[in-house]
Amino acid sequence: MSLPFESAYRHGFARVAACTIPVAIADPATNAEAVLDSARVCDADAVAVAVFPELCLTGYAIDDLVMQDPVLDAVERAIEGLVAASIDLLPVLVVGAPLRHRNRLYNCAVVIHRGELLGVAPKSYLPTYREFYERRWYAPGDDQSGQDIRVGELEAPFGPDLLFASLDVPGLVLHAEVCEDVWVPIPPSSRAALAGATVLLNLSGSPITIARAEDRKDLVQSQSLRCLAAYAYAAAGAGESTNDLSWDGQTMLYEGGALLAETERFPDGPRRSIADVDLDRLRQDRLRQGTFDDNRRTTGVDADFRTVHFRLDPPRGDVGLRRTLDRFPFVPDDPARLAQDCYEAFNIQVSGLVQRLRAIGGPKPVIGVSGGLDSTHALLVVARAMDRMGRPRSDILAYTMPGFATSEHTKSNAIALAESVGASIETIDIRPAATEMLQRLGHPFADGEPVHDITFENVQAGLRTDYLFRLANHHGGLVIGTSDLSELALGWATYGVGDQMSHYAVNTGVPKTLIQHLIRWVIAHGEGVDDAEAAVLQSVLDTEISPELVPAGQDGRMQSTEDRIGPYALHDFALFHILRYGFRPSKIAFLAEHAWRDADAGAWPPGFPDEDRYAYDLPTVAKWLQVFLRRYFAFAQFKRSAIPNGPKVSPAGSLSPRGDWRAPSDGNARVWLAELAEALPELVTD
């Protein structure tokens, strides 16, 4: 039975916890109680998987005490007790313990769930260098594939070749490795990931020395990125022997190279890094990155692993979402990361334009400026390109072309900006030519009727483009396109003219929600941006987005793009998750509601005005998501199939038919709308 919309487990998430606990030296019963205490907290928190430190049932640093039968007998009794106590607990528990097998002792990850010992994975690589001496006590487990082990009265599969797959949480496949295993060139988890593991678990002892915590983070981040997996790491902490070492109890959880959660080090009690892992994201990344599975074919790991199945029975209710969500997935909340992204985006655009201009003989850039965000940013890119090429900015041929609805505010902004940048600026009033064309078409507006239909709008858009191309012919120029990634997604451009067509399109890889931050970055970091130019740029940022093709209504309010097609914030949210991950619409709605429902919760991008911090409820999210799906899948592709060249900017992808997005122009949105309607029948209109 399908889980309700409110459940994170319905939408491809699984809650994972990396736990550290204080240990009692060589006291398995006490340590098992500490494990159970944390397990019960995890159960109440709807955690699916909880991993604990290496040898946490005895302590890692007990030296020769680990060879004593009373200790090893107590370990087996502790495991039997954990298995019995787990019957009513949700999480899969992965616990560190020393276990006897045949004639050797192994350092093991013990996997327990709902009253069953699912399996035991021995440590493959034993450090016996510097402060480590593990081969004195333990045998390496890398040769134990295909084995079974007896633990007290229990029996289970034994070996490093075990995957643990949920039958009722698609994509939740676990693999456990122990501490040193991730420090070798080819960790066991690498092979496990190729064989299908999505959540990689590391039970670590790892004493702390200066800078080792950073090394661990680098390893875990890299392993999660390279394996396209989640990686949960739990290190030993308080209670370990301090004969010659100390312990910091570091825990962390990474997913695809991104840090999801971590705890403070040197804690004074139990700690847990808890986050919801996005299994859909991992699956989609592997699906798209074909070289990942090619690597599986090359290494032939399929036959090397056994799969143990279990049924999680995830909670059906609303358990929240334990995960940082970006309202603006194209715009980082961290100031340093945003500044770096803006630096890279701006220079990608500039370098692309410089290369194109040089390749075709250095024509003069021709650009239409409206006083809006897109043309303003494109002009800034062109200006920097001129600087890079050692050419005067007066070579930029900028034109403002007022039509029937152009406001004095945007017109004056366009002129002031061009002048402050140092471009050549000329005003061409398109109204006479537009009036003549409307007359020849027999359009009612030419007879004084207030008919502002698509023909009325596109006559103006077409004339502007016609002028720009002919001006480029006349002056030996190159028309610079201003349309952005978001407009291409929605098809919010006039086919063949207007925003859709140019000789080179510098903005096509930049989403609308990022452009305002790029302009702010230029104000803060741009070379030669004086106070006058900064003031004009700020005025542009403060102006509502509008195509200015329809005159103001009786209330005096100008035509608003977002009133007609919806907020770009929600459209860019949908675009990112469809283009980058191919997520289901119901999941996008779930994520958008969590990201946008409370304006006071979470972080906003730096510089985002307080007065513009808004919220959207689920009905609003669903309303505009339907608009996006219809336009993106059923309408706009024919425009995208014929766009000019322009540089890819975002790692989420571009919409060029020569790049990340190749789709039929005669598609439809039926399956996407149907999926959303099934999840939210009361909110989907048709």
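**Helices, a pocket and a core**

Reader: Which residue just after H7 takes a positive phi?
Author: This is a predicted model. In it, a phi of about 95° turns up just after H7. The residue that takes this positive value is Gly361.

Reader: How does the reach of H7 sit against the span expected at 1.5 Å a residue?
Author: H7 runs over residues 335-359. That gives the helix 25 residues. At 1.5 Å a residue, the expected span is 36 Å. From first C-alpha to last, H7 comes close to this, reaching 36 Å.

Reader: Which elements cover the buried residues of H7?
Author: The buried residues of H7 include Leu338, Cys342, Phe346, Val350 and Leu353. Strands E16 (364-368), E19 (477-481) and E20 (504-505) are part of the cover. So, among the helices that cover these residues, with heavy atoms within 4.5 Å counted as contact, are H8 (373-388) and H13 (512-525).

Reader: What volume does the largest pocket have, and which element gives the most to its lining?
Author: The volume of the largest pocket is about 1500 Å³. Strand E13 (258-262) and helices H5 (279-288), H7 and H16 each give two or more residues to its lining. The element that gives the most, with six residues, is H16.

Reader: Which residues lie nearest the centre of the largest pocket?
Author: The lining has 46 residues. They divide into 24 nonpolar, eight polar and 14 charged. Nearest the centre lie Arg281, Asp326, Pro329, Phe576 and Tyr581.

Reader: Is His577 buried or exposed?
Author: His577 lies in H16, which covers residues 568-581. Beyond its close sequence neighbours, His577 is in contact with Pro329, Gly582, Phe583, Ile588 and Leu591. Its relative accessible area is 9%. Buried means under 20%, so His577 is buried.

Reader: Is Leu441 buried or exposed?
Author: Leu441 lies in helix H10, residues 431-441. Leaving out residues up to four places away in sequence, Leu441 touches Thr455 and Val459. Its relative accessible area is 53%. Exposed means over 50%, so Leu441 is exposed.

Reader: What separates the C-alpha atoms of Leu441 and Thr455?
Author: Along the chain, the two residues are 14 residues apart.

Reader: What does Tyr632 contact, setting aside neighbours within four places in sequence?
Author: Tyr632 is one of the core residues that touch the most other members. Its contacts include Ala489, Ile578, Leu579 and Arg640.

Reader: How many residues of H3 are buried?
Author: H3 covers residues 188-195 and is mostly covered. Its buried residues are Pro188, Ser189, Ser190, Ala192, Ala193 and Leu194. Gly196 follows H3, with a positive phi near 130°. Of the eight residues in H3, the number buried is six.

Reader: What share of the protein's residues count as buried?
Author: The protein comes to 20 helices and 20 strands. Its C-alpha atoms fill a box of roughly 100 × 55 × 45 Å. Of its 686 residues, the buried share is 57%.

Notes
Residues numbered from 1 in each chain as written. Predicted model: local features only at pLDDT ≥ 70, side-chain atom pairs only at ≥ 80, totals over all residues. Heavy atoms only, no water. Helix = DSSP H or I, 4+ residues; strand = E, 2+ residues; numbered from the N terminus. Buried < 20%, exposed > 50% of the residue type's maximum accessible area, 1.4 Å probe, protein only. 1 Å grid on protein atoms, 1.4 Å probe; cavity = no way out; pocket = protein on both sides within 12 Å on 5 of 7 lines; lining within 4 Å. Points joined across faces, edges and corners; volume = space filled by probe spheres on them. Nonpolar A, V, L, I, M, F, W, Y, C, P; charged D, E, K, R; others polar. Expected span 1.5 Å × (residues − 1). Core = buried A, V, L, I, M, F, W, Y, C linked by side-chain atoms within 4.5 Å.
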